Every structure is written in structure tokens, then in C-alpha cells.
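My notes are below the structure.

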Amino acid sequence: MAAPSRRGSQPFDLSAADTAPELDDDGRAVRTGNLWTCVAHIITGVIGAGVLALSWSVAQLGWVAGPIAMVCFAGVTYVSAVLLSHCYRSPIAAGGGSDDSSSGKTRRNYTYMDAVRALLGRKHVYVCGTLQYLYLYGIGVAYTITTATCLGAIKKSNCYHAHGRGAARCGSGTGEQHLFMLLFGAAQLVLSFIPNFHSMAWLSAVAAAMSFTYATIGLGLGLAKTVGDGAIRGGVVGVPVATAAQKTWLVAQAVGDIAFAYPYTIVLLEIQDTLRSSPPEGETMRKGNVVAVLATTFFYLCVGCFGYAAFGNAAPGNLLTGFGFYEPYWLVDFANACIILHILGGYQMYSQQIFTVVDRWFAARFPESAFVNKTYAVRIVPGLPRYGLNLQRLCFRTAYVATTTALAVVFPYFNEVLGLLGALTFWPLVIYLPVEMYCVQRRVRAWTPTWVALQAFNVVCFAVGTFAFVGCVEGVVKKRLG
């Protein structure tokens, strides 16, 4: 090591210079992501529980409108993703503002919320945050419903295998479904207090593996049944109903389910933030969008269409729990177990984002409160280290899990709840905000051809989203009122 300078400067350490970590232009560790990691992250973020409702959606729309709707949503998702990918880097002025790009400097927007804040201002942040956290909360309700359905399916599948299909003793009532929901809620309450559970590296890997597994099993079973039966079921206009109004509401719910299955806008910029800077992140992201949307659309078309071909107008709301498939019973059980494992971790991955925001808000709002800031060392299990218990976290997380469970008990409607969540966020988060941010970022002037095209895209998607939302609300209310 060199001797220290008499001028008071730090000693110059050659070995330290050689081992200093490489940093990106924002001072963070250098990103190493490439096109294929980008594609993998997108597909992992898109494919989930929504894929299980696609066969039902195609059944409501029919052989013509069903595939067309999925292709249209794929196109909308791609356009939205391209618009948003341009917003990863926003210009900043020499003084740090964001209203002057003449300095040539840019800053990274690490998350969707960061981009909204940088390009549209605080008012839009409030709207975006409210919808985003409402969506995350709704995911907890939907996951509770899905888990109870899967647990019931496993029980019924084994009972049918042992006693024959349709055996009276294999029936299940609402009481059993409510019990499964309460068990899931209890499990999530425990997981909510495991430190850093949501950020464990293995969690996302397990969730991705499980989602691919059960989706592929659903595809395989649908294909096998179609080939085995030697017939393609279904019709051009889908499930026949008594009145045009009923058909309209079912179509709206199907559109909502497809809207839930596709977009990945909320996590797009976080994925883009993993990409290396050369070639530019936006260029890699746009290529990744093409590959991922094409792959996902092909997979979704296969799942939705083969499921509809196998069951026709009797396609179940959840492909793996509606008991169109009976054998091999162990494979159906395994697929449902994969769904449950995926959801156990997925619930925490979404909910912990809300927990983090609430914890920070309480700490900033009540800095002197012992209830909020004090941690008590409590020995819960003899022989294990003491657990740091915070009363505010205990109360809020317990209330959070309890309310998601209670709502699932009151509204246990898989397709309608998924469609409601998809329709609720489709226009504001997937369409409106990306369009507005793109126009600010690229300085698109009013009434230019680009502006007119984007506003037309905006208006059409607003109409579709509103139609789906109203239909899903009607479905939930109708089922709740009997």
C-alpha cells in the first residue's frame, strides 16, 4: 500500500482499485441482463392463475371471437409495453428538474411509479398508487379463492378415484370451501411475519416453475382429451344463453379474464432495470417484448382453444378444478398442488409491497410512537432465536390477511373476481398512463398524426375496459344475490 500523502489525501491502494466493483451510470452495481433474461422475466410475470380461465373465456366468445380477442389483447399489450419502455430513462435539466432535456442527461426510472412521478407529477402518482395497491390487494383475494378451489379439487379428485365419479360422498359445500380459505389465511398470516420472505431468491424461481408446470399440464390434458375423443367441441358463437343481455354480460366477463391474463405493465420497468446498458436497455426491451408476447400468445391460444375443444360449451371456469379431467387423478392433483405452491409465495410477493409502503408511512407519520417504531424481542419457539415483534406490523398485517380472507369468503367467484381485477386496471395502468408518459417523454404535440393515433387507441381501450368492468361487477352482484 502506498504511503499516505502529507496533504491529507487518502492512500492509494492499487489492490483495492483492481477489485472495486463495476458500477453503472447511476452508481448501482452493473446490470447484466440480456434479451433472453428479459424474455424469461416477462413470461414469468405474465403466466399465472389467469391462464386457467382462458378456456372458459373462449367458450363464452366462441371459436371466432375467442382467438381474435386473445390476439387483440396481445397486440394491445405489446403497444403498451413499447410505449412504456421509452420511459425508462427520462431527461433531467442541469439543475435536477425534469422539464428540460437540453442538458442531455437522463435518470433511470426504476419502477412504474418512478416513471409516473418523473413524467406526469404527483397527482398522477396518487391515482397510480391507489389503483396499483388496490390491484395488489385484490390479487390477495383472488389467490385465496383460487387456493380454496384447488384444495377442494384435490380432495374431490381423490374421492372420485376411490369411490367412482359422481359419488354422493364426494360432494363439497360452502362450509368446506370457507374452511380451506381460513386455512390459507392462517398460512399467509404466518408467512407475513417471516423476515424478507418475499425477497428470498428461491421464491421467484419456485413460483415460475410452478406456474409453467400447471399451465403446461392444463394444456397437455386439454390436447390429450381432444385427440382421445376424436372431436372438436364448441360453436362459432360460444355458449348459448336465453337472452342477449345474459350473453353480453358473459362476454364482458370473458374479456375481463383475458385482460387479467395478459398485461405486465406494472413490472415492465423493473425488468428493464435488470438489462445491461449496451445495447441500450430500450432496444433490448422492445425485442424482448416481441419474443415474449408472441410466445405467450401462442401458449395462451393453445391452452384456451384446446380446453374449449375438449369440453365445448361445458368448459369449466378453472380448467384444472372444474372436473372436466378425472384421470390420471394424480396428475390433476399435482397440477393443483403446483397452483397452491405458486400462490403461497405469490401472495407474499404482492402483499409485501403494500406492507413496505404502510410501514414507511407509519414510521414517517408517527416517528415518536413506540407502537409504530419499537421492536420487542419475543421467544416464540424454545431453542430458536428471539423474534423481533413490532406491534404496528402485527396489527396491520393481521388485519390485511383477515380482510382478504373475509372478502374471498363473501365473494368466492373465480372468473368474476379475476375479470374485475383485470378490467379495473386495464385502461388506467396499461393504457392511459403509458400513453400520457410517452407523449410527455417524446414531446408529442396535440393533433399530430401520432397524437391522434394514440388518443384513438386510448379511447377504444377505455370503452373495452369499461365494458368488461361493468360486466364483471354485474356477474359478482348477480352471483352474490343468487
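The entries that follow go topic by topic.

**Ground rules**

I am working with a predicted model: local features need pLDDT of at least 70, side-chain atom pairs count only at pLDDT 80 or more, and totals for chains, interfaces and linings use all residues. Residues are numbered from 1 along each chain as its sequence is written, and side-chain values use heavy atoms, with hydrogens and water left out.

**Aromatic rings**

I searched the whole structure for aromatic pairs and got 17. Here rings of Phe, Tyr and Trp (its six-membered ring) pair if their centres lie within 6.5 Å; planes under 30 degrees apart are stacked, over 60 edge-to-face, and the rest tilted.

I looked at Trp361 and Phe366. Their ring centres are 6.3 Å apart and the planes stand at 80 degrees, so I logged the pair as edge-to-face. Phe366 is partly exposed, at 34% relative accessible area. For accessibility, buried means under 20% relative accessible area, exposed over 50%, and partly exposed in between (1.4 Å probe, protein chains only).

Next I took Phe396 and Tyr400. Their centres are 6.3 Å apart with planes at 40 degrees, so this pair is tilted. Both residues are in helix 13 (residues 391-410), four residues apart, which puts about one helical turn between them. Helices (H or I, at least four residues) and strands (E, at least two) are DSSP runs, numbered from the N terminus.

Tyr400 is buried at 4%.

The charged end of Arg28 sits over the ring of Tyr110, 3.7 Å from its centre. The test is NZ of Lys or CZ of Arg within 6 Å of the ring centre and within 35 degrees of the ring normal.

**Helix packing**

Axes are lines fitted to C-alpha atoms, for helices over the stretch in contact, and angles run from 0 to 180 degrees between N-to-C directions. Angles under 35 degrees count as roughly parallel, over 145 as roughly antiparallel, 65 to 115 as roughly perpendicular, and the rest as oblique. A crossing is left-handed if the near helix is turned anticlockwise from the far one by less than a right angle, and right-handed if clockwise. Contact means heavy atoms within 4.5 Å.

I started with helix 6 (residues 174-191) and helix 11 (residues 329-365). They pack at about 55 degrees with axes 10 Å apart. The two are therefore oblique to each other. Their crossing is right-handed. Helix 6 makes the contact with Phe184, Ala187, Gln188 and Leu191, and helix 11 with Ile343, Leu344, Tyr347, Gln348 and Gln352.

Helix 8 (residues 244-261) and helix 14 came next. Their axes come within 7 Å and cross at roughly 70 degrees. That makes helix 8 roughly perpendicular to helix 14. I noted a left-handed crossing. The contact includes Gly256 of helix 8, and Gly419 and Gly422 of helix 14.

Last, I checked helix 2 (residues 35-46) against helix 10. The axes come within 8 Å and cross at roughly 45 degrees. These helices are therefore oblique to each other. The crossing is right-handed. Among the residues that meet are Trp36 and Val39 in helix 2, and Gly288 and Tyr300 in helix 10.

Most residues other than glycine have a negative phi, and most peptide bonds are trans. I went after the exceptions.

Which peptide bond is cis? The one from Ser278 to Pro279 is, with omega near 0 degrees. Pro279 sits in the loop between helix 9 (265-272) and helix 10 (281-311).

Arg443 is not a glycine, yet its phi is positive, about 50 degrees. I found Arg443 in the loop between helix 14 (414-441) and helix 15 (449-481). Arg443 is exposed, at 54% relative accessible area.

Trp447 also has a positive phi, near 70 degrees. Trp447 lies in the loop between helix 14 and helix 15. With a relative accessible area of 68%, Trp447 is exposed.
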